[in-house]
Amino acid sequence: MTEQVGWFPSTAGALFAALHVPPGPSRGTAVVLVPPFGWEGMAAARNLRTWARSLAEHGHPTVRYHPPGSGDSAGDAAGQDMDSWTTALQDVLGATQAATCTSRLTVIGLGLGGLVAANAVARGAPVDDLVLWSTPSKGRLLLRELRAFARMTGDVDDPFEVEHDGVLWVHGYPVGARLQEQLAELDVATLDLRRVRRALVLGRGTLPADARLAAAFASAVSAPGPGYDELTVEPRLSVPPVAVMATVQAWLEASAPGPTAPLPQAGGERIVTQGPVSVIVHPVSGAALTAVFVGAGATPRSGPNRLWTEASQRWQSRGIASVRVDLEGIGEGEGPAAGASGPEALYAEEYRSQVRDVLDLAVAEGLPGNFLLVGLCSGGYWSVQTALADDRVRGVVVLNSYGLVWPPPLAPLSPRERLHHLTRLQTWQPLLHDKVLRRDALGRVRRSLRLLVDRFRREPEPGRSTRAPATTSQVLRALEHAGVQVTLGISPGEPLLDDLAVLPLGSTTRVVRFTGPRGAHTLSPYVLRAQAEQLLDEAADALL
């Protein structure tokens with residue numbers, strides 16, 4: 001099985017897409033995966049790649065893509081609607097049919113992606129077989145779910161704005177006013193879907209398939225759809241929908257072999273792989289600075305709520321080149337899924353050299369050797385660690401990092417408070433009575449100790465420092481001594497606030513305490529996102 005990954009030129013702009021080609025003759029039926037919206041699409045992205053690879057291994061050329069305004073595709077996220085998404089899907093289907101030379105097309109739509117697929121069929125898209133998973137027959141049902149999800153984000157005791165200028169912000173992803181109107185009016189049962197030869201309608205978890213949706217097709221089969229919630233949870237915990245993959249594979253009919261050809265490619269950004277690491281290189285003519293978006297935990301390289309992609313596009317006009325990174329096991333990076341066994345895995349020592357290698361790769365690709373590193377959570381930690389060791393780094397932006405050293409303190413408490421906490425029976429009762437909790441806690445302690453031992457054992461790297469600072473204060477002093485501009489953006493309730501509250505800060509360190517709800521680690525509320533965007537722009541401008 002081979003993969004062709006890049007950008008596809010469509011009427012809606014350059015779309016990130018991947019064509020997975022079977023290792024042998026194809027079965028004559030090509031498949032296009034249409035992802036769900038927003039957080040669900042971001043969280044499921046890595047395992048949709050797993051699904052696409054599985055389909056290709058079974059003989060079906062498969063295309064997966066990021067709709068306009070999502071992931072690594074072009075477009076303003078808040079400006080997208082059913083029309084732009086439907087047009088983009090029609091373009092993808094036409095290119096897929098030409099590239100795969102197949103006689104039949106199957107579309108698999110998840111959530112809102114299923115509504116887009118049905119809308120494309122009604123507008124004449126050449127879809128023969130259609131799979132809809134967790135898709136309602138009425139758009140207003142999905143809109144109601146999105147509104148509920150938007151209000152669940154963050155601290156329930158700290159309400160915040162979920163709509164701004166008519167845009168509904170759902171866990172950091174915008175639903176524009178026009179899209180809201182379209183979803184409220186969309187009824188799949190009223191669409192002309194006679195072109196679809198067969199339909200497979202899947203439920204969601206224990207919820208049955210939408211009977212009204214199945215009735216909209218001339219020939220439809222309904223089946224359970226277990227695993228949707230497990231697919232669309234936090235990215236590091238997402239798992240492939242094995243049961244549904246098997247159901248769909250059994251439903252797809254074998255057909256005559258057919259050849260495949262490459263998808264057309266759009267210019268501009270390009271994808272470069274180096275070992276298990278996959279990066280998007282965004283060159284800018286005459287640039288003097290390269291921004292490297294290191295990561296955000298297990299979130300794909302488009303960043304939390306697509307912050308990295310949009311900053312990369314925005315900074316092009318400022319003359320800043322950029323690189324967006326998927327490290328091993330994250331997003332498009334190869335290897336086992338990172339962080340599945342616990343967040344400690346996102347601080348594994350192999351990432352240290354991988355980030356340094358990305359800087360070398362950027363220079364080899366013709367980008368400037370002056371770097372601004374940007375990261376959230378563990379990505380912020382690796383940005384700082386790289387800046388300590390590499391004198392090409394001029395600045396770092398760290399958003400909501402748990403700490404600048406790892407492992408961090410066990411609790412953000414003073415020694416006296418920590419001793420009091422550890423001597424209370426209430427602290428230990430949950431561990432004594434819950435075997436699963438006890439096993440998880442012991443596993444995390446072992447992994448943290450292993451990381452600590454690995455850190456002390458590693459060989460010194462050439463560069464600024466041969467000894468890693470052991471405290472937050474030492475890290476900031478070392479960066480100030482090296483002249484690195486440090487910008488820390490921190491949301492309410494983040495543990496790093498406790499460290500910084502008692503530390504003297506140097507002239508090259510700036511700390512911005514965001515105002516907004518607690519508990520929004522990935523900056524999903526609009527009020528936090530807007531402050532993060534402003535902070536990123538100010539940090540970049542300060543280095544120009």
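Q: Is Cys377 buried or exposed?
A: Cys377 is buried, with a relative accessible area of 10%. Buried means under 20%, exposed over 50%, and partly exposed in between, using a 1.4 Å probe and protein chains only.
Q: What kind of model is this?
A: This is a predicted model, in which local features need pLDDT of at least 70, side-chain atom pairs count only at pLDDT 80 or more, and totals for chains, interfaces and linings use all residues. Residues are numbered from 1 along each chain as its sequence is written, and side-chain values use heavy atoms, leaving out hydrogens and water.
Q: Where is Cys377?
A: Cys377 sits in the loop between strand S16 (371-376) and helix H11 (378-389). Helices (H or I, at least four residues) and strands (E, at least two) are DSSP runs numbered from the N terminus.
Q: What is the phi of Cys377?
A: Cys377 has a positive phi of about 60 degrees, although it is not a glycine. Most residues other than glycine have a negative phi.
Q: And what about Cys101?
A: Cys101, also not a glycine, has a positive phi of about 55 degrees. Cys101 lies in the loop between helix H2 (82-100) and strand S5 (104-110), and is partly exposed, with a relative accessible area of 42%.
Q: Which residues of H11 meet H15?
A: Val384, Ala387 and Leu388 in H11 meet Val475, Ala478 and Leu479 in H15, where contact means heavy atoms within 4.5 Å.
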